[in-house]
Amino acid sequence: MTKENVQGAGEEEQQAQSKKALKKQQKEAEKAAKKAEKQAKLATEQQEADEDDFAKDRYGICPMVQSQQKLDRALVRVQDLTPEKAEQQIWVRARIHTSRAKGKQCFLVLRHQQSTVQALIAVGDRASKQMVKFAANLTKESIIDVEAVVKKVEQKIESCSQQDVELHVERIFVISQSEARLPLQLEDAVRPEGEGDEEGRATVNQDTRLDNRVIDLRTTTSQAIFRLQSGVCQLFRDTLINKGFVEIQTPKIISAASEGGANVFTVSYFKTSAYLAQSPQLYKQMCICADFDKVFCVGPVFRAEDSNTHRHLTEFVGLDIEMAFNYHYHEVIDSITDTMVQIFKGLRDRFQTEIQTVNKQYPSEPFKFLEPTLRLEYKEGVAMLRAAGVEMGDEEDLSTPNEKLLGRLVKEKYDTDFYVLDKYPLAVRPFYTMPDPNNPKYSNSYDMFMRGEEILSGAQRVHDAQLLTERAMHHGIDLEKIKAYIDSFRYGAPPHAGGGIGLERVTMLYLGLHNVRQTSMFPRDPKRLTP
Amino acid sequence: MPMYQVKPVSPGDIKIDLPTCMYKLPNIHAQGMNCSEHALQNGEVDPALKALEDRQDEVLRRLYELKTMVDGLTKTVSTPDADLDATTLSHAPAESVFRGTADLDSLLGKDLGALRDIVINANPARPPLSLLVLHGLLCQRYQVLSSVHLHSSVSAVPSPLMSCLGPRHIDSYARHRFQLGFTLIWKDVSKLQMKFSTQNMCPIEGEANVARFLFRLLGAEPQDPVAATQMDSWIDTAVFQLAEGGNKERAAVLRSLNGALGRSPWLLGQEFSLADVVCACCVLQAGQTASAPANVQRWLKSCQNLGHFDCVYPLLQ
């Protein structure tokens with residue numbers, strides 16, 4: 001019984017197997033047939049491609065530039081592509097900003113820093129179909145070398161910065177290819193906020209920008225902002241050097257916190273710990289006592305304040321000034337305000353392109369100022385605020401909303417965005433501020449404001465060791481901690497005053513931007529430590 | 001030494017009939033005439049000659065004094081109201097011609113313990129000359145902190161415009177020591193503008209209106225409504241027809257000025273007023289003062305003599 005069954009079963013199995021096998025075989029045959037077809041197709045296409053591609057050597061992906069050869073080729077910058085170069089054949093290296101293929105043509109917009117130009121690859125005697133296809137498939141942000149003829153256009157190309165010319169591409173090579181998926185799109189990053197909401201198009205929020213700073217910094221707006229910031233720094237240096245100031249560099253790792261001590265970063269320093277400098281104040285003053293008369297320094301400042309506001313960073317660039325004067329600290333105020341006015345004038349006269357570029361995305365009123373700078377006394381400010389309905393005491397400090405309101409009132413009356421408020425009450429200033437000789441309730445200190453926000457806090461410093469000790473005790477400061485500071489005034493110290501500004505804040509307020517992170521390249525705040 | 005006195009035997013002034021048959025000798029009692037000849041022969045300086053020189057100097061000095069007195073008097077005669085002391089002709093500005101009183105608190109609002117700053121925005125292409133004159137008058141009555149600023153809308157102005165309010169006050173570092181602030185800002189504005197208390201006052205536009213406001217601070221407004229209306233009328237004539245009008249209009253205004261000034265030394269009569277300030281400034285700014293009618297020229301000279309217009313002349317092209 002079993003044998004037959006087994007046999008029968010075996011036969012059935014065999015039959016089943018053969019059926020399955022047959023099916024399998026059929027499928028495989030089909031697959032093979034399809035494959036063969038495909039291959040044949042590809043082969044024919046390839047043949048076609050090879051046949052028709054007369055422009056094979058005029059495009060492609062270059063091998064990685066490892067300095068294989070030193071080509072003596074002059075590359076023209078996109079911003080120099082003007083009608084004067086019409087009919088010239090030139091090489092350009094730029095990024096692909098956008099690409100658009102339409103049948104036998106491909107339009108590329110090439111971008112270099114703040115300038116963009118339109119490039120055209122059309123099927124013709126210079127370019128083949130494959131070349132156009134290759135160009136259309138290039139990823140955005142890739143860096144390419146293009147040899148092209150500059151052609152004048154009758155109708156201005158509104159969407160590019162170089163509006164009067166167009167490139168007709170002869171050769172196109174990829175120097176560095178970009179990944180296909182970008183974390184953010186540059187057109188979105190440059191779009192003004194309002195426009196984004198209206199047309200339902202995307203804008204990029206700040207955190208995404210800051211996380212992908214390398215791409216965000218490529219936008220025309222960012223390029224303009226940081227070029228202007230470089231201008232601020234340069235004008236600051238040039239103006240002060242012309243006034244006879246000496247540039248100094250002060251240490252940033254210090255042994256004791258000079259101002260209060262609450263907001264310092266601690267670093268481990270071999271077997272002990274040290275602090276990161278909150279300001280170069282102490283060392284600037286020591287330089288004055290060392291007879292340098294007029295000094296300035298540009299360097300980082302570290303504040304461990306847990307403030308998450310639009311205008312605070314934990315690390316920023318401080319531009320600090322300290323100056324010995326002859327008889328009255330107003331000599332120093334005049335010097336500082338003149339420096340600021342020279343900076344504003346320099347920006348107004350030499351950086352208009354950058355200012356306009358930033359205004360396209362972040363519209364704002366142009367910055368206005370008076371020369372010589374307006375100086376109001378604290379009492380006048382309080383009187384103006386009281387006239388506007390604010391109730392405040394004579395010796396009360398100005399709160400941020402009051403500062404903004406006072407800025408608006410001053411703007412209304414004097415039409416200036418920059419002014420100095422002089423003679424602050426003594427009670428609200430640090431211990432090293434010199435008191436007013438005629439009125440003990442006030443001090444020889446001043447604040448400077450741009451667009452209603454404080455940019456500089458300065459004063460005449462106490463240069464007498466005994467008075468300094470008294471003031472420190474009055475403020476309840478541990479004298480041991482500031483012994484070195486007080487000692488520097490014991491061996492003859494000239495009367496001096498000074499102040500410091502933050503580079504990022506000044507740039508932000510000059511351009512009328514609303515967040516200091518836009519003007520800091522790689523900002524640091526309580527929540528952000530990279531990039 | 002008491003000696004006895006002898007009465008004169010003969011009086012000194014007896015008339016003697018001199019005989020004509022004798023020859024005459026020169027009077028040997030005349031003042032040192034012969035002596036001087038002797039002295040010269042001896043090589044000494046004759047004291048008599050020296051005395052003569054001294055007399056001559058004295059006479060010349062008295063002549064000079066007389067001349068200056070006469071000069072002063074002519075000025076006083078031709079410039080009524082001026083208070084010039086004839087013997088002290090210095091170039092200091094004349095004393096204030098306005099002796100009225102003005103209540104700053106009622107005009108400018110309560111004193112809030114801080115400098116009351118008047119801000120004037122003017123276009124450097126059309127400097128407001130009458131306001132500069134009024135500034136000078138205000139400085140004589142009050143302690144005024146004057147400052148000139150250049151607004152960022154203008155890239156540069158010629159230096160006479162930056163120093164048009166005079167040198168900086170020594171105490172200008174202490175703003176609270178002054179009663180009034182006068183801040184002039186050269187700015188790219190279409191119409192001159194004055195701002196004072198932005199919460200309570202709207203800005204005042206136009207040079208004539210600001211001039212009226214500042215004049216009120218001097219407390220010298222004519223109390224008589226007829227005079228006040230005439231003053232306003234002259235100011236309007238100056239601003240609309242003289243400054244902004246064509247050649248014909250200007251000529252007509254000069255003729256009417258000439259007529260009015262023929263009847264009285266100043267436009268409103270015997271008193272110098274704002275009408276004179278504004279009209280004179282408009283005439284000076286229009287130029288061609290050499291070809292103006294006689295009364296107008298005399299009146300302009302009187303204005304100049306008052307000393308208030310000294311700040312204006314450096315700004316005339």
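Begin by selecting chain B: among its contacts with a separation of 6 or more, 74% are between residues 24 or more positions apart. The model on display is a predicted one. With chain B shown as a cartoon, ten helices and five strands can be followed. Chain B has 317 residues, of which 39% are buried.

**The core in chain B**

Next, select Ile120(B), Leu214(B), Leu257(B) and Trp299(B). These are the residues with the most contacts inside the largest nonpolar core, a set of 71 residues. Colour helix H9 of chain B, residues 274-286, to see the element that gives the most to this core, with ten residues.

Now centre the view on Leu214(B). Which residues does Leu214(B) touch, leaving aside those up to four places away in sequence? They are Ile118(B), Ile120(B), Leu131(B), Leu134(B), Leu138(B) and Phe182(B).

Remain in chain A and display its strands. Eight of them form an open sheet with mixed pairing, in the order S7-S11-S12-S18-S17-S16-S15-S14. At the edges lie strand S7 (246-247) and strand S14 (374-377) of chain A, each of which pairs on one side only.

Within this sheet, select residues 294-302 and 315-324 of chain A, which are strands S11 and S12. The two run antiparallel and are joined by nine bridges. For one position on S12(A), pick Gly318(A), which has Gly299(A) opposite.

**Where the chains meet**

Finally, show both chains together. The contact involves 27 residues of chain B and 25 residues of chain A. The size of an interface is often given as the accessible area lost when the parts come together. Between chain B and chain A, the buried area is about 2300 Å², and carbon and sulfur atoms give 49% of this area.

How many salt bridges are there between chain B and chain A? The count is two. To view a salt bridge between the chains, select the side chains of Asp415(A) and Lys187(B), where the N to O distance is 2.6 Å.

To close, colour strands S1 (116-122), S2 (144-151) and S3 (180-186) of chain B: each supplies at least two residues of the side that touches chain A. S2(B) gives the most to that side of chain B, with four residues.

Key: Residues numbered from 1 in each chain as written. Chains lettered and ligands numbered in written order. Predicted model: local features only at pLDDT ≥ 70, side-chain atom pairs only at ≥ 80, totals over all residues. Heavy atoms only, no water. Core = buried A, V, L, I, M, F, W, Y, C linked by side-chain atoms within 4.5 Å. Buried < 20%, exposed > 50% of the residue type's maximum accessible area, 1.4 Å probe, protein only. Contact = heavy atoms within 4.5 Å. Pairing = 2+ DSSP bridges. Buried area = accessible area lost by both parts, 1.4 Å probe. Salt bridge = Lys/Arg side-chain N within 4 Å of Asp/Glu carboxyl O.
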